[in-house]
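Have the structure open as you read.

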Amino acid sequence: MSESVVLQRGLIHNFAEQHPEQFGVVLASCVTNEAHELLKNLPTASVIEVLAYAPRQFAVEFIDTQDSDEILRWVHLGSDDAVARIARRLSEDVRANVLTKVKDVNKLRVLREYVNFAKDSVATLADKDFLTFADKMTCAEVRKSIRNLDENDTENLLIVDSEDRVLGLLDDRRLLRSGRKEPIAGCIKRTTLLPASATAKSIVEIEAWHEVDRLPVVDKNRRAIGVLHWDTLIERHKTREETSQSEEYTLVMDIMSTMLDVVKELPSAQKSRTRTRI
């Protein structure tokens, strides 16, 4: 192998290791076969990080070429954060298959967040490929993070607090109008958070659908499970079904409790602005 080839490979490996997100964007712009070949030649640790942060369509296409044993190896070797991101990009049947083989308790917890829900729950319908931004980040930092993403990857953007609890959707209009150093907390679109265990038929009539076309789905700790799109909900339930009174009451209580938790954490200044607008 020539010295120039060795140098080139070293540069590629360093780029992938140090900047996996940017490397994934570059790969996604290449011819598919060439991009996949480059990815296969990377160390496994770099492959995991690149797939976790690369544009969704590219990552899913590559993951679909791998067998469950290879994906299981990624799960065992990757960080919890990378595994969580890759888990969102696995098909339901592959996730379930991998789950039966995972021995690491922490990794099991990460994967189970995406498969252990009833078939008729909103968690199974939610798009599990989403990005979260800490509420302390500046608008400039967030704009830089999403600048090179494709349209699909900018659909499901959530703002979370220091404990990864969902505060709301990212309001892209506010983001465009905000100053570079302003915290992204000022660009939160606060709306209904759907409990993951709620049935799809029970949330069709929620008034929030009149304001937005997608809603965050959260677990009992208010951590994100995914984002449910109105089109997906309607496609699955084209005919309306009656919801029992007990089911409806439970859902309403869950939603009210979740929203109260969010309001309690609002900075006093934001509470004041909210009262003024009202």
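## Strands side by side

Look at Leu170: it stands opposite Ile188 in strand S4. Strands here are DSSP E runs of at least two residues, helices are H or I runs of at least four, and both are numbered from the N terminus. Two strands count as paired if DSSP finds at least two bridges between them.

This is a predicted model, so local features need pLDDT of at least 70 and side-chain atom pairs count only at pLDDT 80 or more, while totals for chains, interfaces and linings use all residues. Residues are numbered from 1 along each chain as its sequence is written, and side-chain values use heavy atoms, leaving out hydrogens and water.

## The hairpin

What does S3 pair with on the S2 side, and how? Strand S2 (residues 157–160) runs antiparallel to S3, and 3 bridges join them. Leu158 stands opposite Leu169 in S3. S2 and S3 form a hairpin with 5 residues between them, and in that turn Asp164 has a positive phi of about 65°.

Is S3 mostly covered or uncovered? Strand S3 (residues 166–170) has 5 of its 5 residues buried. Buried means under 20% relative accessible area, exposed means over 50%, and partly exposed is in between (1.4 Å probe, protein chains only). A handy rule to keep in mind: in a regular strand, side chains alternate between the two faces of the sheet.

## Charged partners

Now for the salt bridges, where a side-chain nitrogen of Lys or Arg is within 4 Å of a carboxyl oxygen of Asp or Glu. The structure holds 12 of them. One joins the side chains of Asp69 and Lys101 (3.8 Å, N to O). That pair links distant parts of the chain: Asp69 is in helix H6 (residues 68–77), while Lys101 is in the loop between helices H8 (92–99) and H9 (105–112), 32 residues apart. Lys101 is partly exposed, at 30% relative accessible area.

Asp129 and Arg89 make another, with their closest N and O atoms 3.3 Å apart. Asp129 lies in the loop between helix H10 (122–125) and strand S1 (131–134), and Arg89 in the loop between helix H7 (80–87) and H8, so the pair ties together parts 40 residues apart in sequence. Asp129 is buried at 7% relative accessibility, and Arg89 is buried with a relative accessible area of 7%.
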